[in-house]
Amino acid sequence: MIRTRTCCLICLSLLVLGGELYGEEKIRVLLLDGQNNHNWVETSESLRGALERAGLFQVVTSSSPPQDAESGAWRRWWPDFRAFDVVVSNYNGQSWPRAVEEALEEYVHSGGGLAIVHAANNAFPEWEEYNRMIGLGWRDRDYGDGIAVDDASGRLLRIPQGAGIGSGHGRRHSYLVRIRKPKHPIMKGIPVRWMHATDELYHGQRGPALDMTILASAYSDPRQAGSGQHEPLVWVIPYGQGRVVTNLMGHHWSGQEHRNSLHCVGFQTIFTRSVEWLARDRVTLPVPDRFPTTTEVVMVDLTPAPGLEVPAGHRLLYNQAMGRKEALRDFVFSDPAAWRYSGRSQGEPALEHYQQSRYEPPHRSPLNIALIDGQQFGSFVADLRVRQTGREYGHRDLCFFFGFQDPAHFYYAHIASRTDDHAHNIFLVDGRARVKISTTTTAGHDWGERDWHQVRIRRDLESGSIQVFVNDMSKPIMSARDKTFAEGWIGVGSFDDTGKLSRIRIWTPEFVRKNADFFSGPGD
Ligand code: ZN
């Protein structure tokens, strides 16, 4: 909030921040949650993570009582807004006690900053001042006016109460964000058009819609069951001496296997810069070098730190983030012509498999193979960041090779959109066509459109255990037990699709030095 702090608040923050006594004090953020039809626990975790990684903020969470709480619990829930520079709301639930509502009104009115994320604009249809602050909420069309943006001129088109469509959204998909106020401090330096990771795109939002400055919009494509109009996505509304930023991105549902909407670099940049701007009226947080382009989404790298979930005795002995073209020299290929380096201009730098390999395997098994040369691994944990770039057809897949002895002897995990005896399982190639060896699997894996996925393969030589994880590292999507092969090469590829690998890390007790002479390295 833009107002002078009292002395005792400054003293408090010096105590809290200790070592950072000489730096500028951190922006104090209150994150509100506790009820939401969305997965608010994980959403808050991501929002808090984004703020904390940005380094400027100190975040305190206040969770309201649950929906069925007795009134005593509500009487005890009394967030002290005035102790914070900015309030972030991830709350979409029952009405608050009137006194809490009044406290928030007073806080913003006297100069406080309020940031609304995604479904928080669904909350409180009956609370008039809240609706003034957010401008547009998830309401039916009779509730109030709607706003669309004329794409060519950027002008706001007012849709009268009762006319047009009410609130909704089409299918989740990745979509182009159009920055409407590139000179606004929050948006300065952000590319005017960029691809947001898979998310909902709200349309037909309704409300008093007064004093809105639309910072970003997105075209709601009828082919994705959208409205056919440019929908407001991020906007600012002044309220008294304070301000409110509403950001409709950031859908995250319970059971959703990835949080790409929240972990999109574009979303996090706008969110963190909004909070800084609300607190200080200026923005110092930079636009990251690796920002989404018009064709590629870019996600924040949240790969868990080594040691956290890695078995005892394992060390990080292979780590390739594809930062330079030379990274290709780590690999040998069943057909080098099918692979290339895809640099920063294409989004995340990656080893890209872009066309089918001219390769005939000795037995029915995947055609497209890239192996890390020079090192064979026995027991290991491998973390890979991958993207499937093919089209959906049921067996849309990426493959992960391990225990690779030669083209007729190896294991692979086939992760595909639907399971059957030849797809979405762990397979053994042992001198004949591949055989399914997994004892558990799931119905399939949704690779999405432009999303990066985190794959983890765990193998323990002694027990023969093989486990495969995608995105959710708490439970494997497939598992097997087999000891046919011991140490072997590790690699990636596809049965007959295409994809990208942007990072691979392997933790292992040790590796065996050996070259894979049967394949060849990159052509140039
Ligand atoms: Zn949603």
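**Entry 1**

I began with Met-322, which counts as buried at 0% relative accessibility, and I note at the outset that the model I am reading is a predicted one. Met-322 sits in the loop between strand E15 (315-320) and E16, and its phi is near 60°, a positive value in a residue other than glycine. I wrote this down because most residues other than glycine have a negative phi. I then looked up Phe-124, which is not a glycine either and yet has a positive phi of about 55°. Phe-124 belongs to the loop between E4 and H5, and with a relative accessibility of 4% Phe-124 counts as buried.

**Entry 2: the zinc site**

Which residues coordinate the zinc ion? I find His-38 through NE2, His-118 through NE2, Glu-200 through OE and His-251 through ND1, at 2.0 to 2.1 Å. Along the chain these donors follow the spacing H-x79-H-x81-E-x50-H. His-118 lies in the loop between strand E4 (113-117) and helix H5 (128-134), and His-251 in the loop between strand E14 (242-247) and helix H6 (260-263), so this pair ties together parts that are 133 residues apart in sequence. I checked the accessibility of both: His-118 is buried, with a relative accessible area of 3%, and His-251 also counts as buried, at 3% relative accessibility.

For the geometry, I noted angles of 90 to 161° among the four donor atoms.

**Entry 3: a seven-stranded sheet**

I traced an open sheet of seven strands, in the order E16-E19-E30-E22-E23-E24-E25, with antiparallel pairing. Strand E16 (331-333) and strand E25 (435-436) stand at the edges with a single partner strand each, so one side of each is left without a neighbour in the sheet. Within the sheet I followed strand E19 (residues 368-372), which is joined by four bridges to strand E30 (residues 489-494), the two running antiparallel. In this pairing Leu-371 stands opposite Gly-491 in E30.

**Entry 4: the largest pocket**

I recorded a volume of about 910 Å³ for the largest pocket. Its lining comprises 37 residues, of which Glu-257, His-258, Arg-259, Asn-471 and Asp-472 lie nearest the centre. Helix H2 (40-54), H6 and strand E27 (453-460) are the elements that give two or more residues to this lining, and the largest share, five residues, comes from H2.

How values were computed: Residues are numbered from 1 along each chain as its sequence is written. This is a predicted model: local features need pLDDT of at least 70, side-chain atom pairs count only at pLDDT 80 or more; totals for chains, interfaces and linings use all residues. Side-chain values use heavy atoms; hydrogens and water are left out. Donors are N, O and S atoms within 2.8 Å of the metal (3.2 Å for Na, K and Ca); water is not among the atoms, so sites may look incomplete. Four donors count as tetrahedral if all angles lie between 85 and 135 degrees; four count as square planar and six as octahedral if opposite donors are over 155 degrees apart and all others between 65 and 115; anything else is irregular. Buried means under 20% relative accessible area, exposed over 50%, partly exposed in between (1.4 Å probe, protein chains only). Two strands pair if DSSP finds at least two bridges between them. On a 1 Å grid over the protein atoms alone, a cavity is a set of points where a 1.4 Å probe fits but cannot get out, and a pocket is an open set with protein on both sides within 12 Å along at least five of seven lines; lining residues have an atom within 4 Å of a point. Grid points are joined across faces, edges and corners, and a volume is the space filled by probe spheres set on the points.
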